[in-house]
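Subject: Model handover and findings

Hello,

Here is the model we talked about. Please open it first, then read my notes below.

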Amino acid sequence: MFMVGSYVVSVLSGMRYADFVTSRIFKPLGMTSSTYSIDAAIKTGRLTDTWTEFGRLIAHWIEDEFEDLMASPGGVISSVEELVSHAIGVHDI
């Protein structure tokens, strides 16, 4: 259902969903750690790896070629600090 929503936003705005969210939400709110691009997240040097309880590395599953497909149903890559500060309305945490 979220994919349908992102498709509708893309069609009505004439922009890719990720670009729409970046220009209309992330940038106006000053969310510099939020992106849909795994490559952009890696370049920040802040992207962490995920491990199973058995010590096996879980590969990053969102590749840039699938960014448009995965954008709406949970594709946001962000920092905890940024998500929490914007969720509660405090921007100087």
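How many salt bridges does the structure hold? Two. A salt bridge here is a side-chain nitrogen of Lys or Arg within 4 Å of a carboxyl oxygen of Asp or Glu.

Some ground rules before the details. This is a predicted model, with residues numbered from 1 along each chain as its sequence is written. Local features need pLDDT of at least 70, side-chain atom pairs count only at pLDDT 80 or more, totals for chains, interfaces and linings use all residues, and side-chain values use heavy atoms, with hydrogens and water left out.

**Overall layout**

The chain has five helices and two strands. Along the sequence the pattern is α-α-α-β-β-α-α. Helices (H or I, at least four residues) and strands (E, at least two) are DSSP runs, numbered from the N terminus. Of the 93 residues, 25% count as buried. Buried means under 20% relative accessible area, exposed over 50%, and partly exposed in between (1.4 Å probe, protein chains only).

**The salt bridges**

Side chains of opposite charge can pair when their charged atoms come close. Arg16 counts as partly exposed because its relative accessibility is 33%. Asp19 is also partly exposed, at 35%.

The other bridge joins Glu81 and Arg46, at 3.6 Å from N to O. This pair links distant parts of the chain. Glu81 sits in helix 5, Arg46 in the loop between helix 3 and strand 1 (50-51), and they are 35 residues apart. Glu81 has a relative accessible area of 48%, so it is partly exposed.

**Helix 1**

Leu12 lies in helix 1 (residues 2-13). Its relative accessible area is 73%, so Leu12 is exposed. Leu12 also belongs to a nonpolar surface patch with Val4, Tyr7, Val8 and Val11. Together these residues have about 540 Å² of accessible area. Patches are made of residues with over 30% relative accessible area and no salt bridge; like charges are joined within 9 Å, nonpolar side chains (Val, Leu, Ile, Met, Phe, Trp, Tyr) within 5 Å. Areas come from the Shrake-Rupley method with a 1.4 Å probe; for residues, only the protein chains shown count as cover.

Met3 is in helix 1 too. Met3 is partly exposed, at 40%. Its C-alpha is 9.9 Å from that of Tyr17, 14 residues apart along the chain. Val9, also in helix 1, is partly exposed at 25%. Val9 and Val21 are 12 residues apart in sequence and 9.6 Å apart in space, C-alpha to C-alpha.

**The largest pocket**

The largest pocket holds about 540 Å³ of space. Of its 25 lining residues, the closest to its centre are Ala41, Leu47, Thr48, Ile77 and Ser78. A pocket is an open set of points on a 1 Å grid over the protein atoms alone, where a 1.4 Å probe fits, with protein on both sides within 12 Å along at least five of seven lines; lining residues have an atom within 4 Å of a point. Grid points are joined across faces, edges and corners, and the volume is the space filled by probe spheres set on them.

Helix 3 (38-44) and helix 5 (80-88) each supply at least two lining residues. Helix 3 gives the largest share, four residues.

Best wishes
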